Amino acid sequence: MSNSALITTDLSGLTLVSRGKVRDVYATSNPDQLLFVATDRISAFDVVLRNGVPDKGKVLTKISLFWFEKLKDIIPTHFITANVDEMPEEVRKYKVQLEGRAMLVKKAKVVPLEAIVRGYITGSGWMEYQMSDMVHGIPLPPGLVESEKLPKPLFTPSTKAEQGQHDENISPQRAATLIGQKLYDQISKAAIQLYQAAADYALTRGLILADTKFEFGLVPSPSGEDQLILVDELLTPDSSRYWPAEGYQAGGTQPSFDKQYLRDWLVSTGFRRGLESGPKGHEGEGWVMEQSVVEGTRKRYMEALTMLMGEGAAF
């Protein structure tokens, strides 16, 4: 385990394209390729915490690489290599900083849609269902209880908000209007296939994949038409809700390996949307996790890694 968290990368010889909630993205000497670096930053409620979780970026990268390989036959991905020695020369000199947390990827035009697939009724879906018997405007059978498995996985899109803004759950009809019906149908089909394959595998490892978020992009193809590919991270605890299969019982909240532990702590300390700074941080500078919360969050991420990939995957 690293003693400190990498909050911000410093690759002075490269051009920073964007700095997201977790990833720093850099341009490379190849105009068709980008460098994705997973830092140890962590966010909750669309707010980035001031301190990070040691090794988190390496865990996210390792899990993403595992799933990219496992699901590669369903849809092409943006992944090129995670071996720093195979990256452009200007990247290789930062090997010490990048080892284990960087991916060279294809540059793509990102589809402005969060592709969420839900296999169980929980989170914001459960909140909506309680009010309307619907999720993202999709009618569901009455009488479902919290954390119950849905009759079939649902594709429930949301808008892709800018950093600091909040994603908005939208109906399939509105999503199709935003990006076009043909592209929507392609994404919906691929997302359901990816979720089902991942959920089936996860269950063999003692994990329930309750829901997850995918992101897609478009790249030129030899035919001249845009090709749909999978981009960003894949099926990590940052983008997915994993529950232990052992002890699962519908009818209430479930223990999880995602950021719910952190969210619960934030709420318990007085955090609410619109109050992004407060007693656990410094006014105007955001929130700071207590050390016990840092350690508890890291433990859950590591448990997800070892359950998915085996004890040999641990750091």
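Trainee: Why is the contact between Asp24 and Arg41 called a salt bridge?
Mentor: The rule asks for a side-chain nitrogen of Lys or Arg within 4 Å of a carboxyl oxygen of Asp or Glu. For Asp24 and Arg41, the closest N and O atoms are 2.7 Å apart. That is within 4 Å, so the pair qualifies. Bear in mind that this is a predicted model: local features need pLDDT of at least 70, side-chain atom pairs count only at pLDDT 80 or more, and totals for chains, interfaces and linings use all residues. Residues are numbered from 1 along each chain as its sequence is written, and side-chain values use heavy atoms, with hydrogens and water left out.

Trainee: Where do Asp24 and Arg41 lie, and how many residues apart are they?
Mentor: The salt bridge of Asp24 and Arg41 links distant parts of the chain, 17 residues apart. Asp24 is in strand β2 (residues 23-27). Arg41 is in the loop between β3 (33-38) and β4 (43-44). Strands are DSSP runs of E with at least two residues, helices are runs of H or I with at least four, and both are numbered from the N terminus. Asp24 and Arg41 are both buried.

Trainee: What makes Arg101 and Asp40 a salt bridge?
Mentor: Their closest N and O atoms are 3.1 Å apart. Arg101 is in the loop between α3 (95-98) and β7 (102-106). Arg101 and Asp40 are both buried. The rule gives 14 salt bridges in total.

Trainee: Glu69 and Lys72 meet in a salt bridge. Is Glu69 buried, exposed or partly exposed, and why?
Mentor: Buried means under 20% relative accessible area, exposed over 50%, and partly exposed in between (1.4 Å probe, protein chains only). Glu69 has 48%, so it is partly exposed. Lys72, at 44%, is partly exposed too. Their N to O distance is 2.9 Å. Elsewhere, shared partners join Glu114, Lys160, Lys213 and Glu215 into one salt-bridge network.

Trainee: Which class does Gly296 fall into, and why?
Mentor: Its relative accessible area is 9%, so Gly296 is buried. Gly296 is in helix α8 (residues 291-309). Its C-alpha atom is 32 Å from that of Lys72, 224 residues apart along the chain.

Trainee: And Glu89: buried or exposed?
Mentor: Exposed, because its relative accessibility is 61%. Glu89 is in helix α2 (residues 89-92). Its C-alpha atom is 8.7 Å from that of Ser29, 60 residues apart along the chain.

Trainee: How do you know that β2 and β3 pair?
Mentor: Two strands pair if DSSP finds at least two bridges between them. β2 and β3 have 5 bridges, in the antiparallel sense. Val25 has Phe36 as its bridge partner in β3. Asp24 stands opposite Val37 in β3. A hairpin joins β2 to β3 through 5 residues.

Trainee: What makes β3 mostly covered?
Mentor: 6 of its 6 residues are buried. In a regular strand the side chains alternate between the two faces of the sheet. Both faces of β3 are covered. Gln33, Leu35 and Val37 are buried on one side, and Leu34, Phe36 and Ala38 on the other.

Trainee: How many residues of β9 are buried?
Mentor: 8 of 8. β9 pairs with β12 over 7 antiparallel bridges, with Val117 partnered by Phe155. It also pairs with β13 over 4 antiparallel bridges, where Arg118 stands opposite Asp211.

Trainee: What volume does the second largest pocket have?
Mentor: About 180 Å³. Of its 15 lining residues, Tyr120, Lys149, Tyr195, Gln196 and Ala199 are the closest to its centre. β9 (113-120), β12 (149-159), α6 (181-204) and β13 (207-220) each give two or more residues to the lining. A pocket is an open set of points on a 1 Å grid over the protein atoms alone, where a 1.4 Å probe fits, with protein on both sides within 12 Å along at least five of seven lines; lining residues have an atom within 4 Å of a point. The volume is the space filled by probe spheres set on the points, which are joined across faces, edges and corners.
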